[in-house]
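Here's a quick briefing to read with the structure open beside you. Have a look first, then follow the points below.

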Amino acid sequence: MEAEAAKLIGAGLAAIALGGAGIGIGHIFGNYLSGALRNPAAAQSQFPNLLLGFALAEATGLFALVVALIILFVF
Amino acid sequence: MKGEAAHGAAEAAGGLALDPMHQFQIQRIIPFKLGGLDLSFTNSTLWMFIVVGVCAAFLLLGGSRLVPSRWQSVKEMTYEFVAGMMRDILGDSGRAFFPFVFTLFMFILVANMLGMVPYSFTVTSHIIVTFTLALVVFILATAVGFVKHGAGYLKMFVPSGVPAYMLPILIPIEVISYFTRPISLSVRLFANMMAGHTMLKVFAGFVVALGILGGWAPLAMMVALTGLEILVAFLQAYVFAVLTVIYLNDAINMHH
């Protein structure tokens, strides 16, 4: 296989990991929403934690994106 | 300059976003070498100065009156936002670190926001910048831990309430997770900024490629994405500040 083709395939494979980040972010917002509807009074105090969890989950997916970009542009 | 010439040629060819990574290129404005070190004044340096200037102008101008003006209210809101977040996590033990965290938060927030201006340069989209910031946080938190607790700070790596035979596995994990903190902190900020700006550039390329008839759909998408990116710009500055405070909290009030 040509090196260029292998590079593109590898970058595509690395980007699959972003699906995991999508699942994680969906879990966080879904669970926050169901919790907030059960106890709306406590929802506002947990909003910073929601943003923190969102950012942490998103970051793991972006690590994979960085790997993909390194494969594409550095090697 | 060579880079600008290449950029101009790419724009003249009609493909504004032929290379979505071009916006991250560092160009020397005033070349300067000291020994083997390249200490040139680059566009990154220029934008860092602009960020600091905007921060200083925002906080120093606008007056300070008993009945605040609109500008002063915004200033007080930023102050209260960071101070309230620190009170929630650290309590009163961390008052001394407020200037540090507030400076970090304002620098990253303004750098991210100025990066959203077209044709500007996003300082935080380079890992060397964010890694330096994260390393300062890491070294400060470690130093505070050792000053407060002495050698007892090493107990940080020994989780309490686990059976002794688990410790040979858990201690290395704790050590690794402690030392990857600056990496995850810096990569999170840099990757968010870089991915967001690359995505905007790619969609801008779609608008140009589809022309006046089909370009409206990606243009509408661009507007929505710009809104999302402004949210992310704020969110990442907030997350960086929150994690800094959490690390300081670990160092000041050891939980393990």
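Which residues touch the most other members of the largest nonpolar core? They are Val101(B), Leu104(B), Phe105(B), Ile108(B), Ala237(B), Phe240(B) and Ala241(B), out of 45 residues in that core. Keep in mind that this is a predicted model, where local features need pLDDT of at least 70, side-chain atom pairs count only at pLDDT 80 or more, and totals for chains, interfaces and linings use all residues. Residues are numbered from 1 along each chain as its sequence is written, while chains are lettered from A and ligands numbered from 1 in the order in which they are written.

**The core**
- A nonpolar core here means a set of buried Ala, Val, Leu, Ile, Met, Phe, Trp, Tyr and Cys residues joined through C-beta atoms within 7 Å; buried means 20 or more other C-beta atoms within 10 Å of a residue's own, with C-beta atoms placed from the backbone.
- Two or more residues each come from α4 (47-73) of chain A and from α3 (70-90), α4, α5, α7 (181-214) and α8 of chain B; helices are DSSP runs (H or I, at least four residues), numbered from the N terminus.
- The largest share, 13 residues, belongs to α8(B).
- Leaving out residues up to four places away in sequence, Phe240(B) touches Leu104(B), Ile108(B), Leu185(B) and Leu189(B); contact means C-beta atoms, placed from the backbone, within 7 Å.

**Two packed helices in chain B**
- α5(B) and α8 (residues 216-252) of chain B pack at about 20°, with axes 8 Å apart; the axes are lines fitted to C-alpha atoms over the stretch in contact, and angles run from 0 to 180 degrees between N-to-C directions.
- That's why α5(B) and α8(B) are roughly parallel to each other (angles under 35 degrees count as such).
- On the α5(B) side you'll find Val137(B), Ala141(B), Val144(B), Gly145(B) and Lys148(B), which meet Thr244(B), Tyr247(B), Leu248(B), Ala251(B) and Ile252(B) in α8(B).
- By class, that contact has 7 nonpolar, 2 polar and 1 charged residues; Ala, Val, Leu, Ile, Met, Phe, Trp, Tyr, Cys and Pro count as nonpolar, Asp, Glu, Lys and Arg as charged, and the others, Gly among them, as polar.

**Where the chains meet**
- Chain B puts 12 residues into the contact and chain A puts in 9 residues.
- On chain B's side, α7 and α8 give two or more residues each, and α7(B) gives the most, with 6 residues.
- That side of chain B has 8 nonpolar, 3 polar and 1 charged residues.

**A loop residue to look at**
- Tyr119(B) lies in the loop between α4 (98-115) and α5 (127-149) of chain B.
- Its phi is near 70°, a positive value in a residue other than glycine.
- With 5 other C-beta atoms within 10 Å, Tyr119(B) is exposed (12 or fewer is the cut-off).

Methods
Angles under 35 degrees count as roughly parallel, over 145 as roughly antiparallel, 65 to 115 as roughly perpendicular and the rest as oblique. Two residues are in contact if their C-beta atoms, placed from the backbone, lie within 7 Å.
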